[in-house]
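Please read this briefing alongside the sequence and the model shown below.

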Amino acid sequence: ATKYSLAPSSAVQWLSGTLDDRVAVQWPREAVPAAAREALDRAFGDSEAVAGIGHTEALRAALEARDSDAIRALAFRGCQDQALRPKLWRALLGLPAGVEAAGDGGKGKGSQDEEEVAQRRVAYRELKSRVPGAEAAKAMEGAGEKTADNGDDEKASTFASLRTEAETEAKAVWRGEAFMEHPEVSAAVTSIVLTHAWRCSQYLRGSCEIAAVLLFAMACGDIAALADAEADAFWCFSHLMTEVQDDLAADAGNLERKVQRMHSLLRAYDHPLADLFEEHGLAAMPAVRLAPALLTRAGFRLADCVRIWDTLLADPRRFEFSDYLIVALLMLVRGELLEGENISGLAETLLSSPQQVDVKELLRSAYAVCAFERRCGPGTKTSFPPRSRSDATEGGLDRRNLDAAVSVAGSRLSSIWGKVVAVGTEAWTVGRSAAFDKAGLGDDANIKDLAGSLLTSAGGLATQYVERARPHVEKAVASATSAAGSAATAATAAFEAYQAGATGTDAATGESTEKEAPSTTAGASAPAPPSAAAAEDEEEEPPQ
C-alpha cells in the first residue's frame, strides 16, 4: 500500500479480496500462538498441494481437544455448522462446552462437562422460580413489604416497574424476525434478563437484544428445545455481562470516548468520509447509532448478527473488532454516503447500510482493517495508514455539536445558574422539534429516533461540560462584575470632576475653581479596568 501510494480505503478494498484464510490477523505477526497456526493449516491446508480437513472438522477437533488458541483462531472465521455453535460459544465464554473429548469413552472430562451443563440448567430453573411474577411483584410493591432477614422482599417491592420495562423491550427487539415472532421466545428473553437483574441487582438497557442473540445461537434458530437453550443463554449472558457492563452503562464519559475513538479510526481510513459526517454535524452518528449493545441495535439481521458475534467472541481483544466492522461498513457504502445531498439522505443511507451489505463481504473488509491495525498500527515499523502528529491532534471529534448544545443552556447561564438542569429538559424538547423542522426530516420514524438519540446524547455531554465549567465561569463573571463596578465608579468620579471643572466649582466643597476641563486625550484619565492578560493571569483557565 505504501509502495504504490494507495489510499487507505483502496488498500482495505484490495487486501479484503486477497487475504488468505490461514492468516491469523487478530494477532500481531510475531504473537500468533503455535496452536493457532497449526489449526489454520489443518483446516485450510498448509500449501496449495496439501488440502485441509475443512474448517468445521478442524473446529470440532479443537473443541474436543479443548485447545483455546486453536478454537479462537478457527472461530474468528465463523462457525459454518449451526448445531456446533452452542458448544463453541460456551467454550469461548469460558463455560463448560458440553463436548465429549476424543477417546473419552464417556468417563473423562467430556462427561464432566455435559454433567455440569445439565446442573447449570437445573440451577437456572431454580433461580428463575425465585424471581417474583408480575402479580407478586405488584402486590409487594403496593404493600411495601420488607423483612429484616430476607432481602428478596425488599428487592421485589421495586421489581414491578423493571419487569414492565423488560417485557416491553423484549417485544420490540429484532422485530420482523421469524424466530422472535413466537411468544415463548419473547417470554424466554424476558426471563433471562429479569433473572440476571434479580440475581445481580442490575438491569441495563440493551440487555434484551443481547439475550435474544444468545438465545438464537443456543437454540440454533429453532424453538424445539427452547427450555434448555434459555438456560444455556442465561449463563452465557451472565458471564458476558461481567465483561461488558461498563461499556453498556449509559455514561457520558464512555460515550465520548467511543465517539472519539470511532471518528479517529474513520479519519485514518477514509478522511473524506469523516469530514462529510463532521460537516453535517453527524460525526457522532456511527458510534451512537451502530455501536450500542455490542452491535445488536445496528440493524443487522439476527442471523447476520450471530455470524458477526462468532468473530467478536473469538477475538483476543473481544469487542474491539466492532470498531473495525463499523469503519468497514461505512467504506462499503461510501459512494452512496458521498452522494448524499443533505443530512436526511446521509442519515438514511447509514441507517439502512446494515441491511444492504453482504455480511461476508463486510467481514472480509473488517478483517483487512484488523490486519492493518494490529500488524501495521501506530508504533510498528511499517505503520499504515500513516498517522502524523497533526492527525493525532486534529483527528478528534470537533466540538461544534457540543458547543451548539451548550448554547441552549448558555442563553440562560448568565441569569440563574441554578436553573441550568431544570431548563435542560425544556430546551432539548424545543430544540429537537426545531432541529427536525430545519433538517426537513419529515415523519420518518427511524430518522426521528436517530435524531432524538443524538440530541439526548449531546444533551448529556453538554450538561457535563456546563457543570465542569461552572466554577470557572462564576469566577470570571465575578471578576468581570467587580472590574465593571470599579470602572463605573471611576467613570462617575471623572464625569463629576469634569462638570466641576467646567462650572468652576469644586465637586466636594462647592468652592469656585479656575481649572480647565480634563482633556479627553490626557494621560491622567479614569483608571482602566484590568486588562484581559491580567485577568488571565489571575484566573484559572476554564476547561476546553
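**Salt bridges and cysteines**

Glu-278 forms a salt bridge with Arg-267, with 2.9 Å between the closest N and O atoms, where a salt bridge is a side-chain nitrogen of Lys or Arg within 4 Å of a carboxyl oxygen of Asp or Glu. Because Glu-278 lies in helix H14 (residues 271-279) and Arg-267 in helix H13 (residues 252-269), the pair ties together parts that are 11 residues apart in sequence. This is a predicted model, in which local features need pLDDT of at least 70 and side-chain atom pairs count only at pLDDT 80 or more, while totals for chains, interfaces and linings use all residues. Residues are numbered from 1 along each chain as its sequence is written, and side-chain values use heavy atoms, with hydrogens and water left out.

**Salt bridges**

- The structure holds 24 salt bridges.
- Asp-232 forms a salt bridge with Arg-121, the closest N and O atoms being 2.8 Å apart.
- That pair links distant parts of the chain, with Asp-232 in helix H12 (residues 226-248) and Arg-121 in helix H6 (residues 109-130), 111 residues apart.
- Lys-128 forms a salt bridge with Glu-230, at 3.0 Å between the closest N and O atoms.

**Burial**

- Both Glu-278 and Arg-267 are buried, meaning under 20% relative accessible area, with exposed over 50% and partly exposed in between (1.4 Å probe, protein chains only).
- Lys-128 is partly exposed, with a relative accessible area of 33%, whereas Glu-230 is buried at 8%.

**Cysteines**

- A search of the whole structure finds 0 disulfides, a disulfide being a pair of cysteine sulfur atoms within 2.5 Å.
- Cys-200 counts as partly exposed because its relative accessibility is 36%, and Cys-208 counts as buried because its relative accessibility is 0%.

Notes: Helix = DSSP H or I, 4+ residues; strand = E, 2+ residues; numbered from the N terminus.
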